Amino acid sequence: MKQRLSIILMLMLSLVAAPALMAAETIKVGVPLAMTGPYTDTGDNYWKGIKMAIDEINDAGGLLGKPLEPVRFDTQEFAPERVMQGADYLCGQIKVDSVHAGWAGWGQDVRAYGKYTAPFFADDGSQAAVDVFNEDREQYKNIFQLTDTGINQAQSMFNVLMALPYEYPNNKAVIITADDAWGTEVGETLKKNFKEKGWEVAMHELVPYGTNQWGPLLTQIRRIKPAIIHVEIVSAQEVITFFRQFMQRPTNSILSYGYSLVPREVVETMGTEADGLLGEVPTAMPTPEAPTPEAQAWLDKFESIWGHLPQAGSWAAYSGVKAWAAAVEAVGDEKKHDAVSDHIATHGYKGETGWWKWDEDHVMRAGGDVPIAHFQVQNGEMVAIFTDPPTRPYKNYQFQVPRWIKQ
Amino acid sequence: MMDHKRITMMLAGIWAIVAVLPLFFGGTDFIMHILIMCLIWSVVASCWDLIMGFAGIFSFGQVAFFVIGSYTSAIVSARFGIPPVFAVFIAGGFTALVGILVGLPCLKLKGAYIALVTFAVHMILEPVLKGDIGQAIGTGGTRGLLSIDPMTLFGYTFTTASPIPYFYLFFLVAVACSVIILLVIRSHWGTAFLALKDSQEFATCLGVSAFKYKLMVFALTSFLTGMMGGFYAHYVGMLSTRMLGIDLFVTLMVILVIGGVGKFPGAIIGAFITIAINELLSPLGPYRPITMGALVVILVLVLPDGIVGLFEKLFSGSRRLSPKGH
């Protein structure tokens with residue numbers, strides 16, 4: 001019994017002591033991402049970008065001569081106390097010098113990490129996060145959003161849907177979104193835009209995550225025969241089941257999946273079956289061909305490391321690490337958090353496609369050198385066909401009328 | 001079951017140990033935050049244990065009651081300007097009312113059907129809070145509530161920046177709640193719960209009113225859970241329906257299993273052990289839930305009555321071994 005107890009105690013101590021023993025002359029970087037639960041896949045997308053950036057910096061001799069050491073924290077399902085706990089652990093306990101997250105709490109994270117000074121990068125894409133930031137800009141000056149808000153992304157989706165070289169058979173749209181903050185933000189914006197354009201939003205449904213049986217909704221859709229169906233549920237299972245059940249008796253509708261197209265399983269599971277689906281990625285690296293030689297080199301490197309094209313968030317998270325590292329080098333001291341944040345806010349960062357500039361809300365707004373990329377699945381892979389804003393076709397890649405549309 | 005004297009002594013021992021923890025961890029905000037969460041979950045789990053372990057009512061609505069209480073307190077304090085210190089009691093009262101409303105149909109049901117009804121409350125709550133009804137009453141819809149006033153008492157404002165005062169506030173609340181639960185278990189209520197749990201027909205023949213006692217236990221546990229939800233809201237300062245995810249539900253169940261179902265104060269010990277193990281396993285990342293699950297399976301097999309069950313065995317064993325007259 002005593003022996004067993006001592007083994008358990010030793011195991012527990014080793015778990016507690018391990019991080020402390022590794023704490024040599026390193027710069028600690030906090031990485032709060034979902035490692036378990038329903039957001040694991042998106043967490044993994046961000047981690048791949050962050051890891052790639054950290055490895056690159058370390059391979060080049062570290063930052064200010066010191067290696068970067070990532071400290072991960074499992075944000076699970078982003079319950080309020082978990083978000084707060086992550087901030088207290090990484091910034092309060094471990095005292096990291098920067099925090100690189102992805103989806104991080106949609107406003108809860110701004111409050112939690114805004115208590116500390118370490119620069120914090122999130123990919124909330126949420127107006128709620130911006131609203132919290134604007135409550136006290138001085139307090140939250142260490143907060144940086146890597147992507148534009150859901151409202152602006154939805155506006156961009158609408159712009160591209162209207163710019164497609166395709167004649168819609170009618171002016172009826174159906175919007176189906178998840179009942180979360182992201183889904184409602186996108187759904188409401190699209191609805192407003194459709195109405196302003198004189199379209200009829202014949203159905204606007206909010207559904208919970210986990211919806212897999214689409215029969216009742218598809219019956220209504222088949223009666224409506226909309227020209228556009230927009231589905232915004234960022235989870236592969238839901239969008240795959242919707243598509244497969246839709247395809248049993250398809251209508252002449254453009255299927256727009258918005259950000260829901262990006263969980264890697266969608267393309268990996270369906271392959272060419274997904275051909276024709278539309279989607280978007282903010283602060284995206286357009287694929288399969290990047291816009292600049294530097295970006296193409298990054299794309300090739302990513303593919304060689306991870307064995308597939310980058311998912312949403314990978315490049316954004318990568319660029320967050322690089323932007324912070326560039327600011328630290330300019331300031332000359334990773335501990336001068338305020339100066340580093342000020343540098344990022346005022347100077348921005350020159351990345352693979354050009355300049356990253358955060359606006360006064362510390363949001364990386366879409367446009368300039370980092371527009372939103374709009375994709376269509378072609379030959380089983382995501383192909384950038386438009387960038388926005390401004391809305392323009394991407395290189396020579398062209399929209400293809402989906403196979404289920406009978407013209 | 002342990003005698004009341006031993007339960008009281010054990011409870012006193014637990015709280016005596018917990019009371020001095022800030023001496024060791026007071027300088028580490030992160031650990032203090034975990035300890036505060038342990039205090040919150042210890043009350044919620046104890047309430048669940050009272051209704052499920054002692055009263056034998058398979059209620060799965062405890063997380064829902066906690067969330068109802070947290071939202072009520074936040075809304076009441078924001079909309080009507082009621083100080084949080086009073087808002088938490090209003091939240092408790094409102095949650096008790098909801099508990100009674102949920103309890104009423106459950107009185108006609110047994111076992112798994114009660115679990116279904118109470119879990120339905122859990123399932124319904126999320127769309128209600130996110131939807132039009134929720135937005136109309138001020139839940140913030142899908143965004144949640146991102147600015148909730150902190151607790152203020154006698155002019156002192158509790159903040160997460162200095163967690164020690166917050167710890168002792170929660171400590172006092174947790175002690176008070178556990179004493180209430182202990183008094184209930186020791187009173188004729190506790191005897192009535194056990195009688196109803198063992199054989200409702202027989203207990204009814206003896207004059208124990210199933211209606212009265214079951215409703216009372218719903219009201220009491222909902223009140224305490226809702227009030228604790230209120231304290232949580234003002235402590236964390238933000239709320240979202242993500243609390244209704246499966247994580248918290250499972251955590252509370254594990255707390256009960258580790259502590260021992262129907263083995264008060266097992267839920268309190270279970271809360272501290274479960275949260276500590278969960279945090280220690282954090283470095284394992286995606287393997288944490290797998291490891292945690294495996295540990296729970298092993299614990300259930302080795303210690304079917306939880307930690308308190310183990311203590312009971314040890315005590316009864318030592319009593320058998322000790323010479324007569326000692």
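Leaving aside neighbours within four places in sequence, which residues is A:Asp123 in contact with? In this predicted model, the contacts of A:Asp123 beyond that range are A:Tyr46, A:Ala101, A:Gly102, A:Trp103, A:Gln145, A:Leu146, A:Thr147, A:Tyr259 and A:Gly313. A:Asp123 lies in the loop that runs between strand 4 (120–122) and helix 5 (127–135) of chain A. Because its relative accessible area is 4%, under the 20% limit, A:Asp123 counts as buried. Between A:Asp123 and A:Gly313 there are 7.4 Å from C-alpha to C-alpha, although the two are 190 residues apart in sequence.

The largest nonpolar core has 242 residues. Those with the most contacts inside this core are A:Leu164, A:Phe194, A:Phe242, A:Ile254, A:Trp324 and B:Trp41. Helix 2 (residues 29–54) of chain B supplies the largest share of the core, 19 residues. In chain A, at least three core residues come from each of domain 1 (2–145 + 298–356) and domain 2 (151–283 + 369–393). For A:Trp324, the contacts that remain when neighbours within four places in sequence are left aside include A:Ile27, A:Val29, A:Leu63, A:Leu68, A:Pro119, A:Phe121, A:Val340 and A:Ile344. Also in contact with A:Trp324 are A:Asp97, A:Ser98 and A:His100.

A nonpolar patch on the surface is formed by B:Phe94, B:Leu97, B:Leu101, B:Leu104 and B:Phe211, which together have about 510 Å² of accessible area. Helix 4 (residues 84–106) of chain B gives the most to this patch, with four residues. B:Phe211 belongs to helix 10 (residues 210–236) of chain B. B:Phe211 counts as exposed because its relative accessibility is 52%, over the 50% limit.

Conventions. Residues are numbered from 1 along each chain as its sequence is written. Chains are lettered from A and ligands numbered from 1 in the order in which they are written. This is a predicted model: local features need pLDDT of at least 70, side-chain atom pairs count only at pLDDT 80 or more; totals for chains, interfaces and linings use all residues. Side-chain values use heavy atoms; hydrogens and water are left out. A nonpolar core is a set of buried Ala, Val, Leu, Ile, Met, Phe, Trp, Tyr and Cys residues joined through side-chain atoms within 4.5 Å. Buried means under 20% relative accessible area, exposed over 50%, partly exposed in between (1.4 Å probe, protein chains only). Helices (H or I, at least four residues) and strands (E, at least two) are DSSP runs, numbered from the N terminus. Domain bounds come from an automatic or database domain assignment. Contact means heavy atoms within 4.5 Å. Patches are made of residues with over 30% relative accessible area and no salt bridge: like charges are joined within 9 Å, nonpolar side chains (Val, Leu, Ile, Met, Phe, Trp, Tyr) within 5 Å. Accessible areas come from the Shrake-Rupley method with a 1.4 Å probe; for residues, only the protein chains shown count as cover. A salt bridge is a side-chain nitrogen of Lys or Arg within 4 Å of a carboxyl oxygen of Asp or Glu.
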